[in-house]
Amino acid sequence: MQLPDSLLYIDGKLRPAQGGKTYDNIGPWTGEVIGQAADASAADVDEAIAAARRAFDDTDWSTNRELRLKLVKQYRDLLFANRDRLVQIARLEAGSAIGAAFRAQIDGALNGADGVLDCFPKVKWEEDLGVRNEMGFDTKRTVLREPVGVIGAITPWNVPLYVNVGKVIPALLAGCTVILKPAPDTPAMGAIMGELALEAGLPPGVLNVITSSDPAMAGEMLTKDPRVDSISFTGSTGVGKKIMQNGADTLKRVFLELGGKSAFIVLDDAANFPMTVMGSMVVFHAGQGCAYPTRLLVPKSRYEEAVKALEMAYAGFASKWGHFDEPTCIMGPLISKRQLERVKGYVDIGKAEGARLLAGGNVRTDKGKGFFIEPTCFVDVRNDMRIAQEEIFGPVLVVIPYENDDDAVRIANDSIYGLGGAIFGSEERATKIAKRIRAGALSVNGGVSITGDLPFGGYKQSGMGREWGLEGIEEFLEVKAIGTRVMG
Ligand code: NAD
């Protein structure tokens with residue numbers, strides 16, 4: 001199966017890269033070429049930045065809220081109308097199993113757009129703070145919210161539509177103009193954002209999309225260019241740090257959504273303890289999710305019971321993954337050969353560190369030339385091991401025993417990351433623990449803490465700022481205070 005060629009979208013035109021350069025889009029299920037993507041040059045990136053700057057400075061996009069709302073709604077409708085194409089792209093290009101197209105992958109992204117639109121009326125564009133007597137006279141005070149300007153939106157490959165939508169929709173609603181730079185592995189999910197923007201009638205330059213085989217070139221240009229006001233980045237913590245460094249010269253505003261190593265805490269009074277433990281398997285989208293709770297913390301008093309439950313769960317799942325056409329399948333391949341090698345490398349590290357491999361760990365070449373590795377579980381893990389501290393970004397669960405609630409909180413927080421987490425147990429006790437975890441999105445007893453109308457983001461080295469929700473729109477707004485002297 002093939003995807004149509006991915007084009008650049010610059011200044012209102014869909015077009016190939018200058019010189020017609022393209023690169024191969026490799027499909028994770030087969031390891032084969034599934035399409036061609038435009039390979040932007042530095043000149044293409046420069047043109048996209050100039051177009052976004054012009055659209056921000058010289059048109060009424062930044063001030064005409066009604067127009068923006070109308071056009072963004074049209075854009076949203078087109079995204080919904082193209083759901084089947086989006087699912088197809090996510091399957092072929094991001095390696096999503098059909099059963100994983102709901103939640104974050106496609107439906108989560110589309111519903112997320114609605115969540116952000118629901119928050120739009122809550123923005124306080126102009127706030128009257130009343131009159132205050134200061135320095136002996138009265139001043140009438142107003143606080144305004146205004147768009148930040150030109151945004152460089154840099155996105156990863158794991159849930160590409162979700163992250164593209166999470167940046168583009170709120171930035172456009174805020175009145176910013178955008179250059180979207182998707183990951184090299186998922187160009188088609190970027191290109192369709194451009195195609196639908198054209199169809200929705202967004203004015204030229206308001207959204208631009210540039211795809212490139214070079215992971216760093218376009219992103220570094222955006223980060224260093226003084227014409228770009230802010231970078232909204234989702235990706236690894238390492239690249240996030242580089243973006244802060246590269247943005248320092250122009251004091252770029254940076255918004256960062258980075259990696260995670262979240263905890264899944266099961267308390268000894270969790271309802272249906274074995275089933276809850278089984279639910280911690282890291283299999284959805286082959287574990288390639290930033291907020292995925294990949295460290296399972298179980299009470300020492302019920303540790304053996306938990307290990308038995310996991311043994312059963314993994315044995316039962318052994319034949320249920322890696323099926324392209326099976327609607328209930330939620331786990332496919334990893335995105336790339338590079339990612340496969342990285343995850344396999346962590347399996348070897350786990351063994352060398354002395355953790356016990358309970359299930360999986362093998363690369364499965366019998367499933368074809370795609371990038372398949374088995375659902376994997378390590379038990380008897382200590383939190384200071386590398387497999388417990390570093391983000392693996394694959395289907396690998398590590399299981400760590402704890403003594404009591406304080407110990408569970410200590411272990412959960414003993415991480416450079418702080419993105420998500422899940423706690424299962426009696427509600428009051430679990431909620432108390434959720435409040436003590438230093439992370440941005442916590443689920444209690446399976447509640448959904450990541451949706452389009454809720455703020456999402458990380459503590460510590462999982463990032464800064466918030467995406468989605470009202471806070472996600474405000475991330476793209478500056479705040480201005482005006483004081484007018486009351487005369488007479
Ligand atoms: P990555 O950091 O390698 O790449 C992310 C994006 O940055 C890509 O578009 C890439 O081309 C670009 N990039 C690479 N080098 C750059 C540079 N020097 N300057 C500017 N841009 C540059 O991440 P990835 O491998 O695509 O995605 C996986 C990572 O993303 C994981 O660490 C995961 O946790 C993280 N992630 C985080 C979230 C979140 O919301 N916190 C969501 C999804 C993924």
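Helices (H or I, at least four residues) and strands (E, at least two) are DSSP runs, numbered from the N terminus. By that numbering, helix H9 gives the shell around the ligand its largest share, three residues. The model is predicted: local features need pLDDT of at least 70, side-chain atom pairs count only at pLDDT 80 or more, and totals for chains, interfaces and linings use all residues. Residues are numbered from 1 along each chain as its sequence is written, and side-chain values use heavy atoms, with hydrogens and water left out.

**Ligand shell**
- The ligand is surrounded by 28 residues (a heavy atom within 4 Å).
- Thr155, Pro215, Ser236, Leu258 and Glu391 are the closest.
- Elements giving two or more residues are H8 (217-224), E10 (230-234) and H9 (237-247).
- Domain 1 (8-258 + 462-482) and domain 2 (262-452) each supply at least three shell residues; the bounds come from an automatic or database domain assignment.

**Ligand oxygen distances**
- A backbone N or O atom of Pro215 lies 2.7 Å from a ligand oxygen.
- For a side-chain N or O atom of Trp157, the distance to a ligand oxygen is 2.9 Å.
- A polar backbone atom of Gly235 is 3.4 Å from a ligand oxygen.

**Cavities**
- The whole structure holds two cavities of 30 Å³ or more. A cavity is a set of points, on a 1 Å grid over the protein atoms alone, where a 1.4 Å probe fits but cannot get out; lining residues have an atom within 4 Å of a point.
- Volume is the space filled by probe spheres set on the points, joined across faces, edges and corners.
- The largest cavity has about 100 Å³ of space.
- Its lining has 19 residues, with Ser262, Ala263, Ala412, Gly420 and Ile437 closest to the centre.
- Strand E17 supplies the largest share of that lining, four residues.

Definitions and conventions. 1 Å grid on protein atoms, 1.4 Å probe; cavity = no way out; pocket = protein on both sides within 12 Å on 5 of 7 lines; lining within 4 Å. Polar contact = N/O pair within 3.5 Å; in protein donor to acceptor, adjacent residues only side chain to side chain.
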